[in-house]
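Subject: Structure handover

Hello,

Here is the structure I promised to pass on. My notes follow below it.

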Amino acid sequence: MENTVVLILSPGRTGSTILDLVLGSHSQCTSLGEYHSILHIGQKDLPNHCRLCDGECAFWTEVTTRLQPPRYHQPVFEVSGTPCLIDSSKSADWAESVYRTHDGPVKFIYMTRNPLHQLSKTKRKSISDGSVFDARAMIVRRLHWICQLERFVNKLPAEQVFTLRYEDLCAEPERTIGEICKFIGLTFEPSMMAYHEKHHHLIGGSGETTQAIKYLRGETSAENIHPAARERISNHGGGVRFAAELSSDLFSADDKTTAARYGAWWLSANGYDGQGHGNLTSYIRYRIAWCMDVAAQFFDRIKSRLASRLPKRQ
């Protein structure tokens with residue numbers, strides 16, 4: 001197999017970390033997590049950001065000694081010894097850069113999920129830390145992220161893209177993973193589904209998933225991990241958790257109506273329930289709301305700059 005980079009493109013909280021780990025558990029693959037983080041945290045600090053190693057990660061330390069930007073993946077092929085890298089960076093800009101600079105094949109998995117799932121997790125977090133939950137702002141920002149990814153994906157040759165709904169992965173995990181393996185050019189290995197048994201070196205990704213893995217390996221106690229990770233282990237026994245259910249107890253009718261009012265155009269196009277809202281009307285609402293958010297952020301920055309320049313009152 002020629003050195004191949006597989007990029008998982010999806011908004012956050014779509015299940016990309018688990019998919020990354022499952023595919024990275026193939027004997028010919030290595031899971032990287034959100035490798036584009038190297039652009040933000042810096043080359044020298046990369047070894048300290050491995051989710052599954054305590055302290056400095058020897059794997060990423062070796063990678064950083066060989067890095068020659070912009071070909072960020074080449075040293076990972078050398079250090080890992082595998083011909084396929086799974087990168088769940090979720091960034092269209094990063095994906096375009098890799099597509100342009102990598103010398104070998106680049107394949108893309110475009111992953112979608114009902115946006116209400118992200119609202120569910122975000123609302124739970126807001127409740128736990130006492131912050132304000134704004135369903136309209138959340139759905140509008142997520143839809144904008146989705147649009148950015150779709151614009152990039154639509155420019156790619158069809159044979160280089162595997163489109164995946166998370167809900168389909170939940171319904172038939174092994175069959176779906178088998179189809180993805182075939183798309184990449186691999187033979188499905190049943191041991192991939194026990195991803196927590198393989199030692200990975202993950203940058204970024206879901207903290208709940210990586211904490212659950214460390215607990216299952218006996219590297220930490222239940223008291224030291226996030227409550228959501230404890231819930232995952234107790235309810236699903238650890239391992240692969242492809243759970244499609246919504247945390248419906250967290251949602252009011254207004255939350256669901258808000259999601260449909262601004263997102264029916266995307267929900268209906270991707271096989272989700274638009275709850276009777278017109279697609280054109282909801283798209284116009286979304287575009288207006290996004291423009292208003294951008295304008296508000298712009299004016300907030302202007303106010304902050306002006307305030308910083310004004311003399312302080314004695």
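A residue is called buried when its relative accessible area is under 20%, exposed when over 50%, and partly exposed in between (1.4 Å probe, protein chains only). Before the findings, here is where the values come from. This is a predicted model, where local features need pLDDT of at least 70 and side-chain atom pairs count only at pLDDT 80 or more, while totals for chains, interfaces and linings use all residues. Residues are numbered from 1 along each chain as its sequence is written, and side-chain values use heavy atoms, with hydrogens and water left out.

Overall picture

The protein has 13 helices and 5 strands. These are DSSP runs numbered from the N terminus: helices are H or I with at least four residues, strands are E with at least two. Of its 314 residues, 50% count as buried. Contact means heavy atoms within 4.5 Å. Among contacts with a separation of 6 or more, 71% join residues 24 or more positions apart.

Ser282

Ser282 sits in helix 13, residues 279-309. Ser282 has a relative accessible area of 0%, so it is buried. Leaving out residues up to four places away in sequence, Ser282 touches Ala260, Arg261, Tyr262, Gly263, Ala264 and Trp265.

Helix pairs

Two helix pairs are worth a look. Axes are lines fitted to C-alpha atoms, for helices over the stretch in contact, and angles run from 0 to 180 degrees between N-to-C directions.

Start with helix 1 (residues 16-24) and helix 9 (residues 173-184). Their axes come within 11 Å and cross at roughly 65°. Helix 1 passes helix 9 in a right-handed crossing. A crossing is right-handed if the near helix is turned clockwise from the far one by less than a right angle, and left-handed if anticlockwise. Leu19, Val22 and Leu23 of helix 1 meet Ile177, Ile180 and Ile184 of helix 9. By class, the residues of this contact are 6 nonpolar, no polar and no charged. Here Ala, Val, Leu, Ile, Met, Phe, Trp, Tyr, Cys and Pro count as nonpolar, Asp, Glu, Lys and Arg as charged, and the others, Gly among them, as polar.

Next come helix 5 (residues 92-101) and helix 7 (residues 135-153). Their axes come within 9 Å and cross at roughly 20°. Helix 5 is therefore roughly parallel to helix 7. The cut-offs: under 35 degrees is roughly parallel, over 145 roughly antiparallel, 65 to 115 roughly perpendicular, and the rest oblique. Helix 5 passes helix 7 in a right-handed crossing. Ala92, Ala95 and Glu96 of helix 5 make the contact with Gln148, Leu149 and Phe152 of helix 7. Those residues divide into 4 nonpolar, 1 polar and 1 charged.

Tyr99 also belongs to helix 5. Its relative accessibility is 33%, so Tyr99 counts as partly exposed. Beyond four places in sequence, Tyr99 touches Val106, Phe108, Leu156, Pro157 and Gln160. Tyr99 and Leu7 are 92 residues apart along the chain, with 9.5 Å between their C-alpha atoms.

Loops

His73 is in the loop between helix 3 (58-66) and helix 4 (74-80). At 4% relative accessibility, His73 is buried. Neighbours within four places aside, His73 contacts Val5, Leu32, Tyr35, Leu85, Asp87, Trp94 and Val98. Pro70 lies in the loop between helix 3 and helix 4. The peptide bond from Pro69 to Pro70 is cis, with omega near 5°.

Two residues have a positive phi without being glycine. Arg13 is one, at about 60°. Arg13 lies in the loop between strand 1 (4-9) and helix 1, and is partly exposed at 35%. Lys90 is another, at about 70°. Lys90 lies in the loop between strand 3 (84-87) and helix 5, and is buried at 7%.

Cysteines

How many disulfides does a search of the whole structure find? There are 0. A disulfide is a pair of cysteine sulfur atoms within 2.5 Å. The closest cysteine sulfur to that of Cys50 is in Cys53, 3.7 Å away, which is too far for a bond. Cys50 is buried at 6% relative accessibility. Cys291 is partly exposed at 47%.

Best wishes
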